[in-house]
Amino acid sequence: MQDQTRFVAPGIAASLSGATAGMRDTPISEVAMSVFGDPDVVPLWFGESDLVTPDFVRDAAAKGLQGGETFYTWQRGIPELRGALSAYTERLYRIKCPADRITVTTGGMQAILLTCQLLLDPGDNIVIVSPIWPNITSATKLVGGEPKYVALERADGGGWKLDLQKVFDAVDDRTRAVFVNSPGNPTGWTMTADEQRALLDFAKKRGIWVMADEVYARLIYSKRPDGRQVAPSFLEQAGSDDPLIVLNSFSKPWAMTGWRLGWLTHPAQLGDQFAKLVQINTSGVPAFLQRGGIAAVEKGDDFVAEIVERCRAGGELVFQRLSALPRVTISRPDAAFYAFFSVDGIEDTLGFCKTLAQKYKVGLAPGEAFGPGGQGNVRLCFASSAERLSKGLDRIEAAIKDS
């Protein structure tokens with residue numbers, strides 16, 4: 001029998017799906033909205049650079065737009081972009097990755113949601129390594145799944161480490177996937193190749209999937225022995241038919257956050273299923289935007305190198321300033337562009353960040369937004385100019401000293 005309490009006048013929350021009605025703003029949004037429109041706030045809460053997308057990317061998209069590429073297009077991406085992403089992946093990781101393993105998405109966030117729609121039935125769960133950007137939690141709940149967390153642990157020196165056995169132990173008969181973001185947001189933690197191999201072997205034995213968010217793969221501050229500057233990828237450990245779906249985005253390495261352009265790398269046999277899901281959700285990414293994506297992967301290595309060095313300098317500035325404060329626990333991240341630090345005596349990070357925004361005019365993200373392991377920390381994005389960072393750090397130092 002239907003629950004008649006759900007079928008009430010439009011606009012009443014009880015008439016919405018349980019997943020939608022129960023959705024709340026993230027703590028990051030709570031902080032940002034508390035000072036929305038205030039031009040004096042130094043915004044270091046969101047994960048983006050203060051650089052605009054480079055000219056050669058914008059010009060390529062503009063050329064496509066002016067050329068009339070305004071119609072419906074291939075649901076999995078135009079062949080030229082999928083081919084460019086195939087070549088890019090093979091060049092970056094020195095593996096074979098044919099274009100039939102690539103699906104273009106409306107951003108990395110949609111890549112997460114599509115994969116949850118593909119894998120989860122109501123009541124299934126995903127084991128999530130946290131602290132983590134909250135979209136995987138929301139997407140899991142939206143399709144009726146349950147998020148289960150395994151938190152990273154603080155290592156000596158303030159860094160982060162993962163106990164893989166805890167991940168294995170968290171998997172049960174309702175688990176459909178393990179979700180790992182490496183390099184990680186907000187911690188900058190990076191999974192080793194050995195850890196990736198062990199997790200993939202475990203997944204194959206248990207018949208579950210690995211969902212690997214590798215959005216920050218290019219934003220790493222060390223080089224491999226052969227000179228490549230890219231984080232270890234699950235793609236280097238997996239066969240073409242292994243239970244692995246890698247989620248990626250143009251947002252971070254090419255300063256394209258507003259473009260909403262991403263891609264999935266998956267077994268080729270999933271292509272038709274992803275095409276159906278794209279059709280239902282968006283009918284595909286605008287073709288002219290995809291022209292910008294082609295320019296990014298084919299011509300964007302110098303810009304990526306610039307972003308990496310800019311973030312390295314920003315991260316070092318933040319580390320030097322905050323590590324000098326006696327109550328702060330902070331480490332240099334291996335990758336990504338965040339400082340995730342704690343201040344002794346401050347447990348309510350949401351309240352602290354609201355005070356920072358409203359009284360001290362600087363925006364940070366509260367650690368509780370990132371799930372288990374995030375509590376008691378705050379996140380600062382250092383992908384900005386030294387001038388902006390210095391201004392924000394002056395205000396953060398004042399707030400910590402006053403607290």
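In this predicted model, helix α4 passes helix α10 in a left-handed crossing.

**Helices α4 and α10**

- Helix α4 covers residues 79-93 and helix α10 covers residues 287-299; their axes come within 9 Å and cross at roughly 20 degrees.
- Angles under 35 degrees count as roughly parallel, and α4 and α10 are therefore roughly parallel to each other.
- On the α4 side, the contact is made by Glu80, Leu81, Ala84, Leu85, Tyr88 and Arg91. Facing them in α10 are Gln290, Arg291, Gly293, Ile294, Val297 and Glu298.
- Sorted by class, this contact of α4 with α10 holds six nonpolar, two polar and four charged residues.

**A closer look at Tyr88**

- Tyr88 sits in helix α4 and is one of the residues that meet α10.
- Is Tyr88 buried or exposed? Its relative accessibility is 5%, so Tyr88 counts as buried, the cut-off being under 20%.
- Leaving aside residues up to four places away in sequence, Tyr88 touches Arg218, Trp254, Trp263 and Val297. Of these, Val297 belongs to the α10 side of the helix contact.
- Pro131 is 43 residues from Tyr88 in sequence, and their C-alpha atoms are 29 Å apart in space.

**Helices α11 and α13**

- Helix α11 (residues 301-323) packs with helix α13 (residues 386-402) at an angle of about 20 degrees, and the axes are 10 Å apart.
- That angle makes α11 roughly parallel to α13.
- From α11, the residues in contact are Gly314, Leu317, Val318, Arg321 and Leu322. Their partners in α13 are Ala386, Leu389, Ser390, Leu393, Asp394, Ile396 and Glu397.
- The contact of α11 with α13 divides into seven nonpolar, two polar and three charged residues.

**The fold as a whole**

- The protein's secondary structure comes to 13 helices and 15 strands.
- With a radius of gyration of 21 Å, close to the 22 Å that the globule rule gives for 403 residues, the protein is as compact as a globular protein of that length.
- Its C-alpha trace spans about 60 × 55 × 45 Å along the principal axes.
- Of the 403 residues, 54% count as buried, and Tyr88 counts as buried too.
- Among contacts between residues at least 6 apart in sequence, 73% join residues at least 24 apart.

Conventions
Residues numbered from 1 in each chain as written. Predicted model: local features only at pLDDT ≥ 70, side-chain atom pairs only at ≥ 80, totals over all residues. Heavy atoms only, no water. Axes fitted to C-alpha atoms, helices over the stretch in contact; angles between N-to-C directions. Helix = DSSP H or I, 4+ residues; strand = E, 2+ residues; numbered from the N terminus. Parallel < 35°, antiparallel > 145°, perpendicular 65-115°, else oblique. Left-handed = near helix turned anticlockwise from the far one by under 90°. Contact = heavy atoms within 4.5 Å. Nonpolar A, V, L, I, M, F, W, Y, C, P; charged D, E, K, R; others polar. Rg over C-alpha atoms; globule rule 2.2 N^0.38 Å. Buried < 20%, exposed > 50% of the residue type's maximum accessible area, 1.4 Å probe, protein only.
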